[in-house]
Amino acid sequence: DPQQLELATSGKRKLRRFIVIDEVVDELYGSKVREYFKENNVQHKILALPTTEETKSMDLVLNILQEVQNFSIDRRTEPIIAIGGGVCLDIVGLAASLYRRRTPYIRVPTTLLSYVDASVGAKNGVNFLQCKNKLGGYTPPVASFLDRSFIQSIPRRHISNGLGEILKMALMKHKGLFDLLKSHGKYLLDTKFQSYSGSTNHGDAALQTTRIAIETMLEELAPNLWEDDLDRLVDFGHLISPELEMRVLPSLMHGEAVNIDMAFMTYVAHARGLITAEEKEQIIQCMRGLELPVWHGGCSWPLIKKALMERLKHSGGQPRMPLPTGLGAADIFNDTSEEILERAYELWVRD
(Lines give C-alpha, C1' and ligand atoms only; values in the text may rest on other atoms or scores of the structure.)
Protein backbone atom coordinates (compact mmCIF):
# COMPACT_ATOMS: atom_id res chain seq x y z
CA ASP A 1 0.00 0.00 0.00
CA PRO A 2 1.73 3.23 -1.19
CA GLN A 3 0.07 5.29 1.56
CA GLN A 4 1.30 2.96 4.29
CA LEU A 5 4.76 2.92 2.72
CA GLU A 6 4.85 6.71 2.66
CA LEU A 7 3.71 6.87 6.29
CA ALA A 8 6.39 4.39 7.32
CA THR A 9 9.21 6.19 5.50
CA SER A 10 8.20 9.84 5.79
CA GLY A 11 9.47 10.17 9.34
CA LYS A 12 6.10 11.44 10.54
CA ARG A 13 5.84 8.40 12.69
CA LYS A 14 8.67 6.55 14.39
CA LEU A 15 9.22 2.99 13.16
CA ARG A 16 8.36 0.41 15.81
CA ARG A 17 9.07 -3.33 15.94
CA PHE A 18 8.24 -6.14 18.35
CA ILE A 19 10.83 -8.92 18.22
CA VAL A 20 10.68 -12.40 19.77
CA ILE A 21 14.12 -14.04 19.96
CA ASP A 22 15.14 -17.43 21.31
CA GLU A 23 17.09 -16.89 24.55
CA VAL A 24 20.15 -18.84 23.33
CA VAL A 25 20.21 -16.79 20.10
CA ASP A 26 19.80 -13.67 22.23
CA GLU A 27 22.96 -14.52 24.19
CA LEU A 28 24.91 -14.88 20.93
CA TYR A 29 23.41 -12.15 18.75
CA GLY A 30 21.17 -10.03 21.01
CA SER A 31 23.61 -7.12 21.25
CA LYS A 32 23.93 -6.95 17.44
CA VAL A 33 20.15 -7.04 17.01
CA ARG A 34 19.69 -4.21 19.54
CA GLU A 35 22.46 -2.21 17.90
CA TYR A 36 20.78 -2.64 14.50
CA PHE A 37 17.42 -1.28 15.65
CA LYS A 38 19.11 1.54 17.58
CA GLU A 39 21.23 2.55 14.55
CA ASN A 40 18.12 2.65 12.39
CA ASN A 41 16.22 4.67 14.97
CA VAL A 42 13.53 1.99 15.43
CA GLN A 43 11.61 1.94 18.70
CA HIS A 44 11.63 -1.73 19.68
CA LYS A 45 10.81 -4.31 22.29
CA ILE A 46 12.84 -7.53 22.35
CA LEU A 47 11.32 -10.52 24.13
CA ALA A 48 13.83 -13.34 24.77
CA LEU A 49 12.18 -16.68 25.49
CA PRO A 50 13.17 -20.33 25.97
CA THR A 51 11.76 -21.86 22.77
CA THR A 52 12.21 -25.63 22.99
CA GLU A 53 10.00 -28.58 22.11
CA GLU A 54 9.12 -28.87 25.84
CA THR A 55 8.05 -25.19 26.11
CA LYS A 56 6.21 -25.16 22.76
CA SER A 57 2.79 -24.54 24.28
CA MET A 58 -0.24 -22.28 24.23
CA ASP A 59 1.03 -20.74 27.50
CA LEU A 60 4.05 -19.33 25.68
CA VAL A 61 1.82 -18.00 22.87
CA LEU A 62 -0.34 -16.19 25.45
CA ASN A 63 2.78 -14.83 27.14
CA ILE A 64 3.90 -13.34 23.79
CA LEU A 65 0.44 -11.90 23.11
CA GLN A 66 0.34 -10.20 26.52
CA GLU A 67 3.66 -8.49 25.69
CA VAL A 68 2.47 -7.56 22.18
CA GLN A 69 -0.63 -5.96 23.72
CA ASN A 70 1.50 -4.00 26.22
CA PHE A 71 3.77 -2.74 23.40
CA SER A 72 0.71 -1.90 21.30
CA ILE A 73 1.52 -2.48 17.62
CA ASP A 74 -0.24 -1.33 14.46
CA ARG A 75 -1.12 -4.62 12.84
CA ARG A 76 -1.08 -3.17 9.32
CA THR A 77 2.40 -1.63 9.32
CA GLU A 78 4.34 -3.21 12.20
CA PRO A 79 5.10 -6.91 11.61
CA ILE A 80 6.22 -9.05 14.53
CA ILE A 81 9.73 -10.47 13.97
CA ALA A 82 10.71 -14.00 15.05
CA ILE A 83 14.43 -14.78 15.35
CA GLY A 84 15.27 -18.37 16.28
CA GLY A 85 14.90 -22.03 15.39
CA GLY A 86 11.82 -23.82 14.11
CA VAL A 87 10.06 -23.89 17.49
CA CYS A 88 10.44 -20.11 17.86
CA LEU A 89 9.14 -19.50 14.31
CA ASP A 90 6.18 -21.82 14.92
CA ILE A 91 5.16 -20.22 18.23
CA VAL A 92 5.47 -16.64 16.96
CA GLY A 93 3.61 -17.52 13.76
CA LEU A 94 0.69 -18.84 15.79
CA ALA A 95 0.73 -15.81 18.13
CA ALA A 96 0.75 -13.41 15.15
CA SER A 97 -2.09 -15.27 13.43
CA LEU A 98 -4.24 -14.93 16.57
CA TYR A 99 -3.54 -11.29 17.42
CA ARG A 100 -6.38 -9.18 16.03
CA ARG A 101 -7.21 -12.16 13.79
CA ARG A 102 -4.01 -11.80 11.79
CA THR A 103 -0.91 -9.69 12.29
CA PRO A 104 1.93 -9.89 9.74
CA TYR A 105 5.15 -11.52 10.91
CA ILE A 106 8.67 -12.11 9.59
CA ARG A 107 10.72 -15.29 10.04
CA VAL A 108 14.47 -15.13 10.65
CA PRO A 109 15.67 -18.76 10.99
CA THR A 110 18.89 -19.33 12.95
CA THR A 111 19.32 -23.13 12.72
CA LEU A 112 19.86 -25.26 9.62
CA LEU A 113 16.58 -27.13 10.23
CA SER A 114 14.53 -23.93 10.41
CA TYR A 115 16.47 -22.46 7.44
CA VAL A 116 15.40 -25.23 5.04
CA ASP A 117 12.13 -26.32 6.68
CA ALA A 118 10.30 -23.99 9.10
CA SER A 119 11.15 -20.88 7.08
CA VAL A 120 9.24 -22.31 4.08
CA GLY A 121 5.46 -22.71 3.90
CA ALA A 122 2.46 -21.47 5.86
CA LYS A 123 2.16 -23.74 8.88
CA ASN A 124 2.59 -22.77 12.53
CA GLY A 125 1.59 -24.48 15.77
CA VAL A 126 2.25 -25.65 19.31
CA ASN A 127 2.17 -28.99 21.11
CA PHE A 128 -0.97 -29.91 23.06
CA LEU A 129 -1.87 -32.92 25.25
CA GLN A 130 1.51 -34.56 24.49
CA CYS A 131 0.74 -34.37 20.76
CA LYS A 132 3.08 -32.60 18.35
CA ASN A 133 1.66 -29.42 16.77
CA LYS A 134 -1.91 -30.34 17.74
CA LEU A 135 -2.94 -26.66 17.81
CA GLY A 136 -2.02 -24.38 14.93
CA GLY A 137 -2.97 -22.83 11.65
CA TYR A 138 -1.88 -21.80 8.18
CA THR A 139 -0.62 -18.22 8.17
CA PRO A 140 2.40 -17.60 5.93
CA PRO A 141 4.90 -14.90 6.97
CA VAL A 142 5.19 -11.70 4.94
CA ALA A 143 8.89 -12.58 4.50
CA SER A 144 11.61 -15.03 5.53
CA PHE A 145 15.11 -13.58 5.83
CA LEU A 146 17.78 -16.25 5.27
CA ASP A 147 21.32 -15.75 6.56
CA ARG A 148 23.61 -18.79 6.75
CA SER A 149 26.09 -17.01 9.03
CA PHE A 150 23.77 -17.85 11.98
CA ILE A 151 24.49 -21.54 11.38
CA GLN A 152 28.20 -21.22 12.25
CA SER A 153 27.37 -20.83 15.96
CA ILE A 154 25.16 -23.92 16.31
CA PRO A 155 26.51 -27.29 17.56
CA ARG A 156 27.45 -30.00 15.06
CA ARG A 157 24.52 -32.18 16.17
CA HIS A 158 22.09 -29.38 15.26
CA ILE A 159 23.58 -29.20 11.76
CA SER A 160 23.21 -32.96 11.38
CA ASN A 161 19.62 -32.52 12.60
CA GLY A 162 18.93 -30.05 9.75
CA LEU A 163 20.54 -32.39 7.23
CA GLY A 164 17.75 -34.88 8.03
CA GLU A 165 15.14 -32.59 6.43
CA ILE A 166 17.44 -31.82 3.47
CA LEU A 167 17.92 -35.57 2.90
CA LYS A 168 14.12 -35.98 2.95
CA MET A 169 13.79 -33.67 -0.07
CA ALA A 170 16.74 -35.38 -1.79
CA LEU A 171 15.22 -38.86 -1.44
CA MET A 172 11.76 -37.75 -2.52
CA LYS A 173 12.55 -35.41 -5.40
CA HIS A 174 16.17 -34.73 -6.32
CA LYS A 175 18.91 -37.25 -7.16
CA GLY A 176 21.40 -34.38 -7.63
CA LEU A 177 20.80 -33.23 -4.07
CA PHE A 178 21.28 -36.80 -2.81
CA ASP A 179 24.63 -36.98 -4.65
CA LEU A 180 25.68 -33.62 -3.12
CA LEU A 181 24.92 -34.91 0.38
CA LYS A 182 26.73 -38.18 -0.29
CA SER A 183 29.85 -36.42 -1.62
CA HIS A 184 29.99 -33.33 0.62
CA GLY A 185 28.09 -34.33 3.79
CA LYS A 186 31.14 -34.45 6.07
CA TYR A 187 32.52 -31.23 4.57
CA LEU A 188 29.20 -29.44 5.21
CA LEU A 189 29.25 -30.62 8.83
CA ASP A 190 32.88 -29.61 9.29
CA THR A 191 32.42 -26.13 7.77
CA LYS A 192 28.97 -25.55 9.35
CA PHE A 193 27.43 -24.62 5.99
CA GLN A 194 29.66 -21.56 5.52
CA SER A 195 30.96 -20.65 2.05
CA TYR A 196 34.74 -20.49 1.56
CA SER A 197 36.43 -19.28 -1.61
CA GLY A 198 39.35 -21.70 -1.20
CA SER A 199 37.24 -24.87 -1.19
CA THR A 200 37.77 -25.81 -4.86
CA ASN A 201 37.04 -29.53 -4.38
CA HIS A 202 33.62 -28.76 -2.95
CA GLY A 203 32.46 -25.77 -5.05
CA ASP A 204 29.92 -23.85 -3.02
CA ALA A 205 28.31 -27.02 -1.64
CA ALA A 206 26.57 -25.13 1.20
CA LEU A 207 24.84 -22.67 -1.14
CA GLN A 208 23.91 -25.39 -3.66
CA THR A 209 22.56 -27.75 -1.01
CA THR A 210 20.40 -25.19 0.81
CA ARG A 211 19.14 -23.62 -2.43
CA ILE A 212 18.06 -26.96 -3.96
CA ALA A 213 16.48 -28.10 -0.66
CA ILE A 214 14.40 -24.90 -0.41
CA GLU A 215 13.49 -24.88 -4.11
CA THR A 216 12.28 -28.50 -4.04
CA MET A 217 10.37 -27.84 -0.81
CA LEU A 218 8.66 -24.77 -2.37
CA GLU A 219 7.93 -26.73 -5.55
CA GLU A 220 6.15 -29.34 -3.44
CA LEU A 221 4.36 -26.95 -1.03
CA ALA A 222 3.33 -24.00 -3.24
CA PRO A 223 0.52 -25.71 -5.21
CA ASN A 224 -0.85 -27.23 -1.97
CA LEU A 225 -0.15 -24.58 0.67
CA TRP A 226 -3.31 -25.28 2.68
CA GLU A 227 -2.93 -29.08 2.38
CA ASP A 228 -6.22 -29.60 0.56
CA ASP A 229 -4.53 -32.55 -1.14
CA LEU A 230 -3.41 -35.01 1.55
CA ASP A 231 -1.02 -36.89 -0.78
CA ARG A 232 2.19 -35.09 0.18
CA LEU A 233 5.71 -36.29 -0.53
CA VAL A 234 6.98 -33.87 2.17
CA ASP A 235 5.30 -36.16 4.73
CA PHE A 236 8.10 -38.69 4.18
CA GLY A 237 9.72 -39.24 7.57
CA HIS A 238 6.67 -37.76 9.33
CA LEU A 239 4.42 -40.81 9.74
CA ILE A 240 6.04 -42.35 12.83
CA SER A 241 8.40 -39.57 13.94
CA PRO A 242 5.79 -37.32 15.66
CA GLU A 243 4.82 -40.18 18.01
CA LEU A 244 8.46 -41.19 18.56
CA GLU A 245 9.70 -37.63 19.12
CA MET A 246 7.06 -36.81 21.75
CA ARG A 247 7.50 -40.22 23.46
CA VAL A 248 11.26 -39.87 24.00
CA LEU A 249 11.58 -36.07 24.56
CA PRO A 250 14.14 -34.58 24.87
CA SER A 251 16.48 -37.36 23.73
CA LEU A 252 15.79 -36.99 19.97
CA MET A 253 15.76 -33.79 17.97
CA HIS A 254 13.15 -33.32 15.22
CA GLY A 255 15.44 -34.08 12.25
CA GLU A 256 16.85 -37.12 14.06
CA ALA A 257 13.35 -38.54 14.68
CA VAL A 258 12.45 -37.83 11.05
CA ASN A 259 15.58 -39.68 9.91
CA ILE A 260 14.77 -42.76 12.02
CA ASP A 261 11.31 -42.79 10.41
CA MET A 262 12.93 -42.43 6.94
CA ALA A 263 15.37 -45.27 7.69
CA PHE A 264 12.50 -47.60 8.60
CA MET A 265 10.50 -46.53 5.53
CA THR A 266 13.57 -47.21 3.37
CA TYR A 267 13.39 -50.81 4.60
CA VAL A 268 9.64 -50.84 3.85
CA ALA A 269 10.37 -49.63 0.28
CA HIS A 270 12.95 -52.40 -0.10
CA ALA A 271 10.58 -55.05 1.34
CA ARG A 272 7.99 -53.94 -1.25
CA GLY A 273 10.53 -54.25 -4.07
CA LEU A 274 10.50 -50.50 -4.83
CA ILE A 275 14.26 -50.09 -4.31
CA THR A 276 17.16 -52.52 -4.65
CA ALA A 277 19.31 -53.77 -1.76
CA GLU A 278 22.12 -51.59 -3.11
CA GLU A 279 19.93 -48.46 -3.14
CA LYS A 280 18.76 -49.22 0.40
CA GLU A 281 22.39 -49.52 1.50
CA GLN A 282 23.36 -46.29 -0.25
CA ILE A 283 20.58 -44.41 1.59
CA ILE A 284 21.53 -45.86 5.00
CA GLN A 285 25.24 -45.13 4.41
CA CYS A 286 24.41 -41.55 3.40
CA MET A 287 22.43 -41.14 6.65
CA ARG A 288 25.39 -42.44 8.66
CA GLY A 289 27.72 -40.08 6.75
CA LEU A 290 25.49 -37.17 7.81
CA GLU A 291 25.84 -38.43 11.42
CA LEU A 292 22.12 -39.12 11.70
CA PRO A 293 20.67 -41.98 13.79
CA VAL A 294 19.22 -44.80 11.67
CA TRP A 295 17.51 -46.65 14.54
CA HIS A 296 16.24 -45.97 18.06
CA GLY A 297 15.19 -48.37 20.80
CA GLY A 298 12.08 -46.28 21.47
CA CYS A 299 10.80 -46.98 17.94
CA SER A 300 9.13 -50.27 18.88
CA TRP A 301 6.69 -52.27 16.75
CA PRO A 302 3.70 -51.23 18.98
CA LEU A 303 4.71 -47.55 18.61
CA ILE A 304 4.88 -47.92 14.81
CA LYS A 305 1.42 -49.52 14.72
CA LYS A 306 -0.03 -46.79 16.97
CA ALA A 307 1.55 -44.01 14.87
CA LEU A 308 0.17 -45.50 11.64
CA MET A 309 -3.32 -45.79 13.20
CA GLU A 310 -3.10 -42.06 14.10
CA ARG A 311 -2.05 -41.38 10.52
CA LEU A 312 -5.21 -43.08 9.21
CA LYS A 313 -7.37 -40.88 11.46
CA HIS A 314 -5.92 -37.64 10.12
CA SER A 315 -5.41 -38.47 6.45
CA GLY A 316 -8.89 -39.37 5.26
CA GLY A 317 -8.75 -43.05 6.20
CA GLN A 318 -5.75 -43.80 3.95
CA PRO A 319 -2.13 -44.23 5.11
CA ARG A 320 -0.84 -42.07 2.19
CA MET A 321 2.65 -43.45 2.73
CA PRO A 322 5.39 -41.68 0.76
CA LEU A 323 8.12 -44.19 -0.18
CA PRO A 324 11.26 -43.92 -2.31
CA THR A 325 11.02 -45.71 -5.68
CA GLY A 326 14.68 -45.00 -6.46
CA LEU A 327 17.28 -42.43 -5.43
CA GLY A 328 15.56 -39.06 -5.78
CA ALA A 329 12.21 -40.50 -6.90
CA ALA A 330 9.12 -41.39 -4.86
CA ASP A 331 5.40 -42.10 -4.84
CA ILE A 332 2.51 -42.34 -2.38
CA PHE A 333 1.23 -45.81 -1.43
CA ASN A 334 -1.99 -46.91 0.28
CA ASP A 335 -1.60 -50.68 0.03
CA THR A 336 1.37 -51.65 2.23
CA SER A 337 0.32 -54.76 4.15
CA GLU A 338 1.05 -55.30 7.84
CA GLU A 339 3.04 -58.37 6.84
CA ILE A 340 5.43 -56.24 4.73
CA LEU A 341 5.71 -53.65 7.50
CA GLU A 342 6.55 -56.34 10.05
CA ARG A 343 9.09 -57.99 7.77
CA ALA A 344 10.73 -54.61 7.12
CA TYR A 345 10.79 -53.91 10.86
CA GLU A 346 12.50 -57.24 11.64
CA LEU A 347 15.18 -56.64 8.98
CA TRP A 348 15.70 -53.06 10.21
CA VAL A 349 16.14 -54.16 13.83
CA ARG A 350 18.44 -57.01 12.77
CA ASP A 351 20.68 -54.67 10.77
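This is a predicted model: local features need pLDDT of at least 70, side-chain atom pairs count only at pLDDT 80 or more; totals for chains, interfaces and linings use all residues.
Residues are numbered from 1 along each chain as its sequence is written, and side-chain values use heavy atoms, with hydrogens and water left out. Local features need pLDDT of at least 70 and side-chain atom pairs count only at pLDDT 80 or more, while totals for chains, interfaces and linings use all residues.

**Exercise 1.** State how many salt bridges there are, and describe the one between Lys 173 and Glu 220.

Solution. Step one is the rule: a salt bridge is a side-chain nitrogen of Lys or Arg within 4 Å of a carboxyl oxygen of Asp or Glu. The count by this rule is 28 salt bridges. Step two is the pair: the closest N and O atoms of Lys 173 and Glu 220 are 3.2 Å apart. Step three is location, with helices taken as DSSP runs (H or I, at least four residues) and strands likewise (E, at least two), numbered from the N terminus. Lys 173 belongs to helix α6 (residues 156-173) and Glu 220 to helix α8 (residues 205-221), so the bridge ties together parts 47 residues apart in sequence. Step four is accessibility: buried means under 20% relative accessible area, exposed over 50%, and partly exposed in between (1.4 Å probe, protein chains only). Lys 173, at 24%, is partly exposed, and Glu 220, at 19%, is buried.

**Exercise 2.** Locate the partners of the salt bridge between Arg 311 and Asp 235, and say whether they are buried or exposed.

Solution. The closest N and O atoms of this pair are 3.2 Å apart. Arg 311 sits in helix α12 (residues 301-314), whereas Asp 235 is in the loop between α8 and α9 (241-248); the two are 76 residues apart. Both Arg 311 and Asp 235 are buried.

**Exercise 3.** Describe where Ser 57 lies and which residues it touches.

Solution. Ser 57 is in the loop between β2 (43-49) and α3 (58-71). With a relative accessible area of 21%, Ser 57 is partly exposed. Leaving out residues up to four places away in sequence, Ser 57 touches Val 126 and Asn 127, where contact means heavy atoms within 4.5 Å.
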